[in-house]
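Trainee: I have a model open and would like to go through it with you. Could we take it piece by piece?

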Amino acid sequence: MKLTSKFPALMLTSESVEKARPTDEQNRCLLESVELEREVLGTDGVLVRVVYSALNYKDALAASGNTGVVRKYPLIPGIDAVGKVVEPGSSAFEFGEIVLIANAKFGTSHHGGFASFARVPEDWLIRLPAGLSLEQAAAWGTAGFTAAQSVQQLLNHGVTPELGEILVTGATGGVGVFAVQLLAKLGFSVTASTGKLDRYEQLLSLGAAKVVPREQVVDLSDAPLLKSRWAGVVDCVGGLTLNSAIRATHVGGCVTACGLVAGHELGLTVYPFILRGITLCGIDSANVSREYRQQLWDKIASDWSLDVRNVSTEIELHQLPQQIEQILNGSVFGRIIVRMPE
Ligand SMILES: NC(=O)c1ccc[n+]([C@@H]2O[C@H](COP(=O)([O-])OP(=O)(O)OC[C@H]3O[C@@H](n4cnc5c(N)ncnc54)[C@H](OP(=O)(O)O)[C@@H]3O)[C@@H](O)[C@H]2O)c1
């Protein structure tokens with residue numbers, strides 16, 4: 001079967017990128033709604049009808065002309081996609097199989113998920129585990145997977161609920177809401193730090209034992225070590241927050257780092273590592289093996305399953321530009337999932 005009709009997508013064009021300047025609010029959102037011929041996706045690989053995509057911070061960077069994320073235009077962004085196989089080609093997948101797409105190139109150098117169709121190499125596809133709906137998988141998406149990876153690293157490094165409090169920073173963000181819920185489900189006492197004073201109740205209802213203003217976990221002194229507060233940390237924001245968290249972690253504790261919304265510099269001494277034996281674990285969700293990815297998704301669908309309804313909001317494709325502005329301002333709660341047009 002050859003599909004030739006047009007499909008809706010949001011595309012980044014080089015014309016609008018050239019116009020963009022970081023300070024130019026008018027040209028900041030560079031996505032354009034377009035009707036594309038399916039030939040744009042090429043003919044190699046498996047064709048997936050995208051049912052849901054989701055908005056990640058990285059997509060917002062791509063949509064604001066960040067050349068560290070997207071180097072070549074035009075491009076359909078969207079690093080997450082869940083859908084049905086419609087042209088399996090010679091792959092091991094069958095027509096109608098439900099899959100999610102995950103690869104570092106998807107939505108950054110290869111057309112991504114903000115479109116009704118995606119065509120990708122077979123090894124970028126993960127079969128959706130039983131027990132997870134398409135909608136739930138989109139809600140977890142890259143952000144939820146990153147939270148799961150972070151929690152897994154704490155467990156791998158021997159952090160247990162008996163050892164003390166776990167700090168989750170950027171707690172109302174996509175990664176944060178999943179980290180809070182998952183850690184609470186596993187019996188940890190979670191301190192959630194947030195800049196959103198109006199979201200305390202929601203964080204408590206997700207399982208946080210305590211919610212604190214984000215300023216309370218940042219120490220501006222240059223003390224190499226701080227009073228130890230955390231058995232473990234899931235840091236989603238970087239910068240001085242991560243710096244302070246590392247200095248305030250107990251002997252033998254573990255800190256995971258996945259994000260940079262508060263800054264990309266770290267500026268630390270070696271003392272937390274050589275006097276407290278702290279482990280700093282970098283989290284890179286894009287470059288994990290397919291086997292590891294499938295295993296973690298299987299866990300997400302079973303032992304680690306969560307109720308995602310309170311942490312996800314469904315929108316349509318045309319509403320994405322507004323949400324991109326919001327995620328860049330740090331004002332989104334949880335996950336934005338995008339239902340694709342039929
Ligand atoms: N390494 C990886 O593989 C990987 C994967 C996914 C995401 N990430 C990165 O992880 C980070 C979080 O992702 P996300 O999906 O959770 O993003 P998100 O939904 O935009 O959430 C980020 C949260 O950080 C907090 N925040 C925003 N600006 C801040 C600032 N200036 N200082 C302190 N806190 C601030 C806000 O939460 P509060 O208002 O609650 O404080 C915001 O909701 C991003 O940098 C993203 O690129 C990395």
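Mentor: Let us start with a residue pair: Y52 stands opposite V82 in β4. Helices (H or I, at least four residues) and strands (E, at least two) are DSSP runs, numbered from the N terminus. Residues are numbered from 1 along each chain as its sequence is written. This is a predicted model, in which local features need pLDDT of at least 70 and side-chain atom pairs count only at pLDDT 80 or more, while totals for chains, interfaces and linings use all residues.

Trainee: OK, and how many bridges join β3 to β4?

Mentor: Five bridges join strand β3 (residues 46-55) to β4, and the two run antiparallel; strands are said to pair if DSSP finds at least two bridges between them. On to strand β5 (residues 98-101), β4 is joined by four bridges, again in an antiparallel arrangement, and there V82 stands opposite L100.

Trainee: Which residues are joined by a cis peptide bond?

Mentor: Y73 and P74 are, with omega at about 0°, and P74 sits in the loop between α2 and β4 (81-87). That loop also holds T67, which is exposed because it has 11 other C-beta atoms within 10 Å. The scale behind that word calls a residue buried if 20 or more other C-beta atoms lie within 10 Å of its own, exposed if 12 or fewer, and partly exposed in between, with C-beta atoms placed from the backbone. From T67 to L100, 33 residues apart along the chain, the C-alpha separation is 26 Å.

Trainee: Switching topic, how is the protein divided into domains?

Mentor: There are two parts, domain 1 (6-128 + 308-339) and domain 2 (143-282), with bounds that come from an automatic or database domain assignment. Their C-alpha centres lie 29 Å apart. The contact between them takes seven residues from domain 1 and seven residues from domain 2, where two residues are in contact if their C-beta atoms, placed from the backbone, lie within 7 Å. On the domain 1 side, the residues touching domain 2 are three nonpolar, three polar and one charged. Here Ala, Val, Leu, Ile, Met, Phe, Trp, Tyr, Cys and Pro count as nonpolar, Asp, Glu, Lys and Arg as charged, and the others, Gly among them, as polar.

Trainee: And the ligand, which residues come nearest?

Mentor: Of the 32 residues around the ligand, the nearest are G170, G173, G174, G259 and G330, a residue being near if its C-beta atom, placed from the backbone, lies within 6 Å of the molecule. Two or more residues of that shell come from each of α2 (57-63), α3 (134-156) and α4 (174-185). By class the shell holds 14 nonpolar, 14 polar and four charged residues, and domain 1 and domain 2 each supply at least three of its residues.

Trainee: Now α6. Why is that helix largely enclosed by the rest of the structure?

Mentor: Because seven of the nine residues of α6 (residues 239-247) are buried, namely T241, L242, N243, S244, A245, I246 and R247. Their cover includes β8 (166-168), β11 (230-235), β12 (249-257), α7 (271-274) and β13 (279-282).

Trainee: In which sense do β8 and β11 pair?

Mentor: They pair in the parallel sense over three bridges, with L167 opposite V233 in β11. β11 also pairs with β12 in the parallel sense, over five bridges, and G232 has C254 in β12 as its bridge partner. The chain passes from β11 through α6 to β12 in a right-handed β-α-β crossover, which means that, with the strands pointing away from the viewer, the path from the first strand over the helix to the second runs clockwise. As for β11 itself, six of its six residues are buried.

Trainee: Back to I246 for a second, what is it in contact with?

Mentor: Leaving aside neighbours within four places in sequence, I246 is in contact with V255, L268, P272, I278 and L280. I246 is buried, because 26 other C-beta atoms lie within 10 Å. Its C-alpha lies 9.7 Å from that of D235, which is 11 residues away in sequence.

Trainee: How many C-beta neighbours does L280 have inside 10 Å?

Mentor: It has 18, so L280 counts as partly exposed. L280 belongs to strand β13 and, not counting residues up to four places away in sequence, touches I246, V255 and A257. Between L280 and E87, 193 residues apart along the chain, the C-alpha atoms are separated by 43 Å.
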